[in-house]
Amino acid sequence: MAAAERQNGWERESIKGKAKLRLRECDVGDKFSHLPLRKASVLLPLLLRDGALCLLLTVRSMQLRRSPGEVCFPGGKREEMDKDEIDTALREAKEEVGLQPEKVEVICRLVPGIDKMNHLVTPVVGFIEDTFQASPNPDEVSDVFVVPLEYFLKPLNYVALPYKNKGYLSWMHCFTYDDHEHKKSFKIWGLTAHFAVFLAIVIFRTKPTFEVHYDLDNLITSAENDFLNLYASISERKKSSL
């Protein structure tokens, strides 16, 4: 039994170790922090379940004014007390699901996104304990669940939804995940799905079963270019409305 436990421990550390190396290669640090947009951050909490990398997600409380009932990562707007995007993500995760900052091994910041309120949203990736039990704040979170990261490459239920993106037609990832533990289905879409897909590609270096616009041979460059094109289109729209 002791030998088997040691073997499992080595395998877990090997999976985590490979993921950390690939994530650090894609760390953008504070490269985009100077952009003149209001700031927000989300924590992408990774953990191992049954030997597989998984992501922890939340469901926003129905009491919230903005996006009630939607699936998201722990996170929110930057406050004055926050030193940087990492501080924001860790503070929000503590407030929303009771995740103590010292229990998060922060690995990197990935290429940001821009939400519908024009916040610059930075995804902060960190490993949490595999045994973490969430304590959701009912004012903000109605549910917490875990999804195998590979699901965002090989989903059982996926559609690409058309939407107008700053004046031109684009496509949005939309996953439905059947959580057998909770006996519920969760819809994961929008910026949350965008971050989850990119994270899965970074770690597994595998093309999804659905179409994405990233160049896997130049992953960071292509992701940064996509983001900068989006930012440029927003800046142009702001200028034209003045």
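Predicted model: local features only at pLDDT ≥ 70, side-chain atom pairs only at ≥ 80, totals over all residues.
## Ground rules

Local features here need pLDDT of at least 70 and side-chain atom pairs count only at pLDDT 80 or more, while totals for chains, interfaces and linings use all residues. Residues are numbered from 1 along each chain as its sequence is written, and side-chain values use heavy atoms, with hydrogens and water left out.

## Strand β7, covered on both sides

Let's start with β7, which covers residues 119-127. Nine of the nine residues of β7 are buried, so the strand is largely enclosed by the rest of the structure. Buried means under 20% relative accessible area, exposed means over 50%, and partly exposed lies in between (1.4 Å probe, protein chains only).

In a regular strand, side chains alternate between the two faces of the sheet. In β7, one side carries H119, V121, P123, V125 and F127, the other carries L120, T122, V124 and G126, and all of them are buried.

## Who sits beside β7

Which strands pair with β7? Two strands count as paired if DSSP finds at least two bridges between them. β5 (residues 105-109) runs antiparallel to β7, with four bridges, and here V106 has G126 as its bridge partner.

β6 (residues 113-114) is antiparallel to β7 too, over two bridges, with G113 partnered by V121. β6 and β7 make a hairpin with four residues between them, and N118 in that turn has a positive phi of about 65°.

Helix α2 takes in residues 85-97, and its 13 residues should span 18 Å at 1.5 Å a residue; the end C-alpha atoms are 18 Å apart, which agrees. The expected span is 1.5 Å times one less than the number of residues. Ten of the 13 residues are buried, so α2 is largely enclosed by the rest of the structure. Those buried residues are E85, I86, T88, A89, L90, R91, E92, A93, E96 and V97. Their cover includes β1, β2, β4 (75-77), β5, β7 and β8, judged by contact (heavy atoms within 4.5 Å).

Helix α3 (residues 190-204) has 15 residues and reaches 21 Å from first C-alpha to last, close to the 21 Å expected. Twelve of its 15 residues are buried, so α3 is largely enclosed as well. Among them are F195, F198, L199 and I201.

## Two positive phi values

Most residues other than glycine have a negative phi. D50, which is not a glycine, has a positive phi of about 55°. D50 lies in the loop between β1 and β2 and is exposed, with a relative accessible area of 84%.

R205 belongs to the loop between α3 and α4 (219-240). Is R205 exposed or partly exposed? With a relative accessible area of 34%, R205 is partly exposed.

## Empty spaces

Rolling a probe the size of a water molecule over the atoms shows where empty space is left. On a 1 Å grid over the protein atoms alone, a cavity is a set of points where a 1.4 Å probe fits but cannot get out; a pocket is an open set with protein on both sides within 12 Å along at least five of seven lines; lining residues have an atom within 4 Å of a point. Grid points are joined across faces, edges and corners, and a volume is the space filled by probe spheres set on the points.

There is one cavity of 30 Å³ or more. The largest cavity has a volume of about 50 Å³, and its lining includes D30, F32, E85, L120 and T122. That lining divides into five nonpolar, three polar and three charged residues. Ala, Val, Leu, Ile, Met, Phe, Trp, Tyr, Cys and Pro count as nonpolar, Asp, Glu, Lys and Arg as charged, and the others, Gly among them, as polar.

The second largest pocket has a volume of about 280 Å³. It is lined by 15 residues, of which P148, Y177, D178, D179 and H180 are the closest to its centre. β2 (52-60), β8 (141-148) and β10 (168-179) each supply at least two lining residues, and β10 gives the most, with four. By class, this pocket's lining has seven nonpolar, three polar and five charged residues.
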